[in-house]
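Welcome! Please take a moment to look over the sequence and the 3D view below, and then we will walk through them together.

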Amino acid sequence: MDKTINITLRVWRQAGPKAKGGFQTYKLENVSTDSSFLEMLDILNEKLISERKEPVAFDHDCREGICGMCSLYINGHPHGPDTSITTCQLHMRKFKDGEVITVEPWRSAAFPVIKDLIVDRRAYDKIIQAGGFISVNTGGVPDANSIPIPKAKADEAMDAASCIGCGACAAACKNGSAMLFVAAKVSQLALLPQGRVEAAKRAKAMVAKMDELGFGNCTNTGACAAECPKNVSLSNIARLNREFICAKFQD
Amino acid sequence: MAKKEKVAKVAKTVTAKVAKAAKTVKAAMTDKKNVITPADAKIPAGPLAEKWTNYKTHQKLVNPANKRRLDVIVVGTGLAGASAAASLAELGFNVLNFCIQDSPRRAHSIAAQGGINAAKNYQNDGDSVYRLFYDTIKGGDYRAREANVYRLAEVSNSIIDQCVAQGVPFAREYGGLLDNRSFGGSQVSRTFYAKGQTGQQLLLGAYSALSRQIAKGKVKMYSRYEMLDVVVIEGRARGIIARNLVTGKIERFFGHAVVVGTGGYGNAFFLSTNAIASNGSVALQVYKKGAYFANPCYAQIHPTCIPVHGTFQSKLTLMSESLRNDGRIWVPKKLEDAKALQAGKLKGRDIPEEDRDYYLERRYPAFGNLVPRDVASRAAKERCDAGYGVNATGLAVFLDFSDAIQRLGRDVVAERYGNLFQMYEKIVDENPYENPMMIFPAIHYTMGGIWVDYELQTSIKGLFCIGEANFSDHGANRLGASALMQGLADGYFVLPYTIQNYLADQIQVPRMSTDLPEFEEAEKAVEQKIAKLMAIQGSRSVDSIHRELGLVMWDFVGMGRTAEGLNKALKKIRDIKKLFWSEVFIPGTADDLNIELEKALRLADFIEIGELMALDALNREESCGGHFREEYQTPEGETLRQDDKFSYVSCWKYNGEDIEPTLIKEPLDYEFTERMTRNYKA
């Protein structure tokens, strides 16, 4: 049970948005393989604090894979080498004794670095603000069971809706495209009768905002879906394209 | 027959006793000064089912032209905060909304898994508004306000309608209608759910409504901002002081009213199911400015969390209560089997059926594995204390799905709980389809919080408190799937009404300058506190002190409390306070993104909250819901309330640094329900 490993960390340190960053190397010994990756970073920070140095700044919150706050590019993969999980759910048992682990922030033009491993992901909020909603006010809505929705559609909408907005898709994309993120929201709402009403307008508005914010174009490499911690499917991008083209034809 | 009569007789005497007790409480309290009356709490007159309608009929409203002239600050973007901010903006108010995360979509409501209750009775299984009300009052062990709880049940149905209209993809049946499941403490299926991610989907619904208002310019969003104090001018809340977490700059914000929806304070225990940054600081700030802190000792310990596995652990992960629909909880019957499990020589699946003790089904035949959380947690502790724990530390019980897999097939189980099983496997490195899960109780939710009246207004005028941050509706124990219901009820359907009753009198008040001396002073106090913390330069990290506090809280203010233990805790917490203020070390500077400083500010407040929790627990010489004083239990180990002495809300009023706070009591009069002993056996 209580297995431990020794590791070498190469961590990106950057004092501020405009400062020049670089890798720092740290050695950690006797790290329990039962600890999570972020707990390992906690241990590193405790060590740095005890040496009266500044700890590594990184984003994290729920530590159970749902809030989307944690990020980190670990050994060249967003959320690390394991699949279908976020960094906070990654455990040290996935690493070998003596391994060198490289930790970087998201690298994307639309996600500027704030400090060390923390980036600014407000661009995703802006895309949602452009149309990622159904225009209803509180109150005055019909009974929840008044419109039956086929189970298969509801389930598909739920799968698309499981996106946590972490930014891994754009970080994984060589073009820095946010297509999977946009597609997940467009799909969720387009699949439901409540969201159909504004589907065309939504697709156009969200894609336009994505382009405006400096995200790149989609060239269907599929890296986004491969790295998505929530397994949001690439088929959502196909649906987004359909919605988008139909909307353009209607113009 | 004879047994039935006996039960009836006992029930009769209990009723008589309760009625007598209620009278004594009333008599004892009416002649004292520090008492909150129903009139103080603004509880509307009339029959229970008509109170909310009566209130809405007679309350004051603000006309659309005036709404534009009023600013409302909403702190927090969880279910309560986001739904309130969006709804207020839709009505026409100008809203300033704050959150500590990088995006409002990340508030910890997102982690709620199981579901949300509503009295829709879609399943035709006998549910009703009254039954949801009754289950909630009973589940809270008769320590909640009837009028508030009834209103909660009443608006629950509108929440489901609202969420469906927003595009929340709730689980559905093949016919296309909404599906339900059961949760602890009820005998009907009234819980709506979206896989194991209900909180996420509801929060994203509220976030989408909020995003729409941000785009319209009706909400100004401040993310990565942390409120550090409330500004009170002539007795009314008029703004906040907040720290920009990226630049470290302290800033001032004005609002005609301030709404606080900043969640619970469970992280006082260091290890909890809360998110790492969840904190009780805003609650403590407003308490220090005069808002009462109500029932701080009511904390919920959730029975199904992944057990603690090491000293480096940073948080405890919850396994949804919904798992108890199909999972069966057990420990071995034989001590030698337990020992073998603890030594790792046996696995759960190796223990034959006849040697398993399904202790919840044994002790509570009527509710079985679906007893309320407090009951399930204590039962697990009882078995583990007796030596039957099943992991290396002896602090775990099994949650077993082998029956469900046999009955329903692996696919159905995977469809219902797949994401939870996956989460478990990633953390524990064990496949729960093949070997039973191991679980143990952990701190999860705080029923206590800032005291509010029926309008959700605190004892400071113009300061409102919503969601988990207030003390509100759950009494001494919250039922599963009721937190989401309460957060959204407050934000969508209660506050947008009640706040207008206050704001209607504020339409003549112009926007105030943040250069007023009250803003100046509040900012200065915050800056001094930060400077003091930065100057300590001791030898201890924030987390190391927080862990120490957490251990004291868990050992003495956790699942089993005693007068002796609580007194010990009070002393230890005061020692930790001294240690913190003399030995903490915060690297870096205050005018920068500084996570250690953020943590230190929160820990300073957790220490004081911990003290308040222990104080309140010491005062409450009874057991009720999640508050278990070992001195007060039935021969079977169940909670023993002392209705004649403690049928009240404990409201603590701040008197200054290191001075004991004053206890103010709000007697709980049960006008419409009969107080019973909770019984989940028959």
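## Getting started

Two residues are said to be in contact if their C-beta atoms, placed from the backbone, lie within 7 Å. By that rule, residues 24 or more positions apart account for 75% of the contacts in chain B with a separation of 6 or more. In chain A, the corresponding share is 70%.

This is a predicted model, in which local features need pLDDT of at least 70 and side-chain atom pairs count only at pLDDT 80 or more, while totals for chains, interfaces and linings use all residues. Residues are numbered from 1 along each chain as its sequence is written, and chains are lettered from A and ligands numbered from 1 in the order in which they are written.

## Chain A

Chain A holds nine helices and seven strands; helices (H or I, at least four residues) and strands (E, at least two) are DSSP runs, numbered from the N terminus. Its C-alpha atoms fill a box of roughly 60 × 40 × 35 Å along the principal axes. Of its 251 residues, 54% are buried. Here a residue is buried if 20 or more other C-beta atoms lie within 10 Å of its own, exposed if 12 or fewer, and partly exposed in between, with C-beta atoms placed from the backbone.

Lys53(A) counts as partly exposed because 13 other C-beta atoms lie within 10 Å. Apart from neighbours within four places in sequence, Lys53(A) is in contact with Leu48(A) and Pro587(B).

## Chain B

Chain B has 19 helices and 19 strands, and its C-alpha trace spans about 75 × 60 × 55 Å along the principal axes. Buried residues make up 59% of its 682 residues.

Helix 5 (residues 129–139) of chain B is mostly covered, with eight of its eleven residues buried. Among them are Val129(B), Leu132(B), Phe133(B) and Ile137(B). Their cover includes strand 3 (116–117) and helix 6 (146–166) of chain B. After helix 5 of chain B comes Asp141(B), with a positive phi near 55 degrees.

## Where the chains meet

How many residues of chain B are in contact with chain A? There are 66 of them, touching 66 residues of chain A. Helix 7 of chain B provides the largest share of the chain B side, nine residues. By class, that side divides into 29 nonpolar, 23 polar and 14 charged residues. Ala, Val, Leu, Ile, Met, Phe, Trp, Tyr, Cys and Pro count as nonpolar, Asp, Glu, Lys and Arg as charged, and the others, Gly among them, as polar.

## The nonpolar core

A nonpolar core is a set of buried Ala, Val, Leu, Ile, Met, Phe, Trp, Tyr and Cys residues joined through C-beta atoms within 7 Å. The largest one has 299 residues, of which Val182(A), Val259(B) and Ile450(B) touch the most other members. Helix 18 of chain B gives the most to this core, 14 residues.

Leaving aside neighbours within four places in sequence, the contacts of Val182(A) are Ile127(A), Met206(A), Val207(A), Met210(A) and Leu240(A).
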